[in-house]
Every structure is written in structure tokens, then in C-alpha cells.
Amino acid sequence: MPDRKPKVAWGITGSGDRLPEIVEMMKNVQEMYRDAVDIRVYISRAGDQVIKYYKLFNELEASFDKIWVEANANAPFLAGQLQLGKFVFLIIAPATSNTVAKISLRLADTLLTNAAIMAQKAYVPLYIMPSDYEEGVTTTKLPDGRDLRLRIRREDVEHVKRLEAMEETFILRRVDEIPAVFEKHFGRP
């Protein structure tokens, strides 16, 4: 008999910001909801590079049964599956400023921007954790543990605000907000 658990699509873009913490949270949520939810991981081309740069790909493979890496904007055909209601929600964490801007401007030219825009059109809740959500200077960790200071520009933050104003689109600012998304949709584990 086929598995009838509800499905969640989790997208990972090419942002290294908080990536190790996000992967750890993905594993924790997977463990908490193992019997209740089927989490499927979709990785952008840039996300694939960054995950490997941070040496996290094997960790993801060991924790998740279903992982796909982008071939093009329609392969794997995540947008179509979202359109058909196969997923309860789409979460993109982390999301680069490039991905956020493209979704904000309705540019569906990558796997995850296409999927996000289709989720919005098909009334599927969209949760996005942008790397650049607050103007100013932020510090992130490189794979070797060194700090990297980055300036978050007003233009990037404006795209986050545009997304936040869109129906059924929710911005996550902290990794520890992720479990509440699953609890909202599936109850306590």
C-alpha cells in the first residue's frame, strides 16, 4: 500500500547563511514528524554547490529519502506537483537574496522560483527564510569557521517586504521558527 503521509517540499538555495543550523533543524523536524509527514528536499543548482562546499550533502542524503537537485526550472517537476496539491506547503530555507528578488518580481526561471510562484498561484502556503531580511551589517560563518561580514542593502530588504505582503506567503527570520510551521499544519509531534 502506498505511503499516504502528507508531503512537504523543502527548498534549499545557494545561501550559506545559517545553512549548518538549517540542516540540523531539518534533521530535527524530520525526526519529530517522521511518522506524520514526508519531507522532500529540492536543491537549486547553486544550493547544490554551497551544500557541498559546507560538506553537508552526505548528511542530507543520510537523513532524507527523497532529495532532488535542479536540472532546470521544470525538472524535477516540483511546480506541477504543487499545482496539483501534492504538498501541504513549500518552505525555502535558506533563500538567497537572488531567489527572494526573483519571486518578488515574478521571475520563475529556476526550480525554486518557479515552484514558489506556482505555490502562490495554487493556494499552497509558502514559507521563506531569506538570508537578507534586515538592512545593516550581518556576520555569517564560512565553512572553515571564519566570520564573513556582509552588508544587507535596502533593495534586498524591499523584496522581502514585497513577499511578506503577498497572500499565503510567510517570512521566517530565525531557524527556531521552523518547528512552529510544522506544528501549525500537523499539530504537535
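Mentor: One term to start: two strands pair if DSSP finds at least two bridges between them. Also keep in mind that this is a predicted model.
Trainee: Which residue in β3 stands opposite Y42?
Mentor: That's W68.
Trainee: And what about strand β1 and β2, how many bridges there?
Mentor: Six bridges, and the pairing is in the parallel sense. Strand β1 spans residues 7-12. Its K7 stands opposite D38 in β2.
Trainee: How does the chain cross from β1 to β2?
Mentor: Through helix α1, residues 19-32. This β-α-β crossover is right-handed.
Trainee: Back to β2. How many of its six residues are buried?
Mentor: Six of the six, across residues 38-43. So β2 is largely enclosed by the rest of the structure.
Trainee: Which residues point which way from β2?
Mentor: D38, R40 and Y42 point one way. I39, V41 and I43 point the other way. Both sets are buried.
Trainee: New topic: charges. Why would two side chains pair up at all?
Mentor: Side chains of opposite charge can pair when their charged atoms come close.
Trainee: How many salt bridges does the count come to?
Mentor: The count comes to 15.
Trainee: Give me one. What does K141 form a salt bridge with?
Mentor: With D147. The closest N and O atoms are 2.6 Å apart.
Trainee: Is K141 buried, exposed or partly exposed, and why?
Mentor: Partly exposed, because its relative accessibility is 47%. Buried would need under 20%, and exposed over 50%.
Trainee: Where does R153 come in, and which side chain does it meet?
Mentor: R153 meets E155 in a salt bridge, at 3.4 Å from N to O. R153 has 38% relative accessibility, so it counts as partly exposed. E155 has 31%, so E155 counts as partly exposed too.
Trainee: Last one: what does E164 meet in a salt bridge?
Mentor: R173, at 3.1 Å from N to O. E164 is partly exposed, with a relative accessible area of 36%. R173 is partly exposed as well, at 28%.
Trainee: Great, thanks!

Definitions and conventions: Residues numbered from 1 in each chain as written. Predicted model: local features only at pLDDT ≥ 70, side-chain atom pairs only at ≥ 80, totals over all residues. Heavy atoms only, no water. Buried < 20%, exposed > 50% of the residue type's maximum accessible area, 1.4 Å probe, protein only. Helix = DSSP H or I, 4+ residues; strand = E, 2+ residues; numbered from the N terminus. Right-handed = clockwise from strand over helix to strand, strands pointing away. Salt bridge = Lys/Arg side-chain N within 4 Å of Asp/Glu carboxyl O.
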